[in-house]
Amino acid sequence: MPVKQSRNPSEASRARMQALARLPVFLALEGKRAVLAGGSPAAAWKAELLSASGANVEVYTVDPCEELTQLAADPPGGSIAINRCTWTVEDLKGAAVAIGAFDDDPGAAAFASAARAVGVPVNVIDKPAFCDFAFGAIVNRSPLVIGISTDGAAPVFAQAIRAKLEALLPNGFAAWAAAAARWRGAVKASGLSFSGRRKFWQVFTAHAVADSGHEPGQQDFDRFIAEVRGLGAAVENGSVTLVGAGPGDPELLTLRAVRALQSADVILFDDLVSREVLDFARREARKMLVGKTGFGPSCKQDDINALMVSLAKQGKRVVRLKGGDPLIFGRAAEEIEACNAANIAVDVVPGITAAQGAAARLGLPLTDRKRARRLQYVTGHATSHATSGALPGDLDWRSLADPSTTTAIYMPTRTLAALVEKATAEGLDPHTPALAIARATRPDQAVVAATIAELPERLAQANLPGPLLVMIGHVIGEKTARKARRRHG
């Protein structure tokens, strides 16, 4: 019998920042001077942006368009003064930024050269060769502001992304962001500890996301402060969130899972979690591999529990990231119990389990009014280390033999032949359709279709990589089996 190897948690190396075409920088222009050369509608739009940012805009043009003159009479923020003359080098000195609107390259080149000579960053509208910086597409939920740049390569694409973000971010976020700016000083002066203040902002963010249309007021501030104080000494602890990463395809992550990953301080992840899922995590988060993989070197569950609790007691927001759904053969019960015993707040974010993901990819219904009234998930191997690689001793063989049931067998790599032999002896029809699915939902998903009696031999010949799932039931049918063979060989 093979000896189960163990290993220690190891921190994954942090990915390096990839090359940036532009460095996104947000300028503070309140009360500062901005120079704008040109009087076209495009120049008027830049004047509006600068004024909205609080800059005092000095425009130099002999022929301002009507839109520009109307804007100068009623600016959105800082003043807009129109000087009906051409610009000079002296006009540029001391400006925070210089913007030019020129039809011809010689005029653009002269303006850009003059601005750089006096140390002023310059942008020439629609002429990236003369620009030190770019504006990009803007999503405005001020003080929440998002800038999108394609480095001039695809402005229409940037606008399309902006439209998507506009739809994702309700206008009410602006009120919550403004409240955050108003309350920051009051939170610091509240007497809350560092951990308490961080908890306040976690409560604040949860309410902002859940009720973005609500206008936050003083009563909300008082309620959030009271909620944090009500936690007492427990506020000094961090938290643990068990997150289902799904079977592999990162697009199957839930929005709650993404939010948890983006707010985590530490992520403890298993071997079965695809690295594409980790790309959604906050860049600064520590990512630690606590390898849990079938029949390979694995961290002991007690060690994982201890590490998880220890990090949370240091005030860290810990995400325990598991393949599939943490509540289905994910040992969630042990981890929840460890957190409860240590008085650590624990939450669970469910995920798409492998059977659901595989069935969806194959267009396979898991239940059917005529052929499958019941769905069951079973594990293919025993839980005890002493019997590792053996069948569970408490499988309900009658339920496995039920012809009106769809059965998904998890982790059956070593035990499938023995399971099939026992199940057919206990009444499972050996001609029942079955599928073995490896690496469900991933680009390299592979499927073997056969009757359940033939499947172990066919699977041994195919030598599929893990993780492996076997599905049995009459919902599969010949049509689904043919489709699986066409797609996956």
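Guide: The helices and strands named below are DSSP runs, with a helix needing at least four residues and a strand at least two, and they are numbered from the N terminus. The model is predicted.

The loop between β7 (137-141) and β8 (144-148) contains P143. The peptide bond that leads from S142 into P143 is cis, with omega near 10°.

Two further loops hold a residue with a positive phi. In the loop between β16 (433-438) and β17 (446-451) lies R439, which is not a glycine and yet has a positive phi of about 55°. R439 has a relative accessibility of 22%, so it counts as partly exposed. In the loop between α16 (455-462) and β18 (468-472) lies N463, a residue other than glycine whose phi is positive and near 50°. N463 counts as exposed because its relative accessible area is 65%, and the cut-off for that class is over 50%.

Five strands form an open sheet in the order β4-β3-β2-β5-β6, with parallel pairing. Its edge strands are β4 (80-83) and β6 (122-124), each of which pairs on one side only. From one strand to the next the twist averages 20°. Strands of a sheet pair through backbone hydrogen bonds, either parallel or antiparallel. Strand β5 (residues 97-100) and β6 pair in the parallel sense over three bridges, and G100 stands opposite V124 in β6. Helix α4 (residues 105-117) lies across β2 (33-37), β5 and β6, and runs at about 170° to β6.

Strand β12 (residues 317-322) contains L321. L321 counts as buried because its relative accessibility is 0%, where the class requires under 20%. Leaving aside residues up to four places away in sequence, L321 touches a set of residues including V243, A245, L261, F269 and D270.

Another buried position is S399, which has a relative accessible area of 11% and lies in helix α14 (residues 397-401). A polar atom of the S399 side chain is 2.8 Å from the backbone oxygen of D396. Beyond residues up to four places away in sequence, S399 touches R374, Q376 and T405.

The aromatic side chains complete the view, with a count of 13 aromatic pairs. In one of them, the ring centres of W176 and F204 are 5.3 Å apart and the planes stand at 75°, so this pair is edge-to-face. The pair links distant parts of the chain, since W176 is in helix α6 (residues 173-188) and F204 is in helix α7 (residues 194-210), 28 residues apart. Both W176 and F204 are buried. They belong to one aromatic cluster that also includes W183, F200, W201, F221 and F224. W201 has R184 over its face, at 4.6 Å from the ring centre. Elsewhere, K46 lies over the face of F135, at 5.0 Å from the ring centre.

Terms used
Residues are numbered from 1 along each chain as its sequence is written. This is a predicted model: local features need pLDDT of at least 70, side-chain atom pairs count only at pLDDT 80 or more; totals for chains, interfaces and linings use all residues. Side-chain values use heavy atoms; hydrogens and water are left out. Buried means under 20% relative accessible area, exposed over 50%, partly exposed in between (1.4 Å probe, protein chains only). Contact means heavy atoms within 4.5 Å. Rings of Phe, Tyr and Trp (its six-membered ring) pair if their centres lie within 6.5 Å; planes under 30 degrees apart count as stacked, over 60 as edge-to-face and the rest as tilted. A charge sits over a ring if NZ of Lys or CZ of Arg is within 6 Å of the ring centre and within 35 degrees of the ring normal. A polar contact is a pair of N or O atoms within 3.5 Å; within protein, one must be able to donate a hydrogen and the other to accept it, and residues adjacent in sequence count only if both atoms are side-chain atoms. Two strands pair if DSSP finds at least two bridges between them. Axes are lines fitted to C-alpha atoms, for helices over the stretch in contact, and angles run from 0 to 180 degrees between N-to-C directions.
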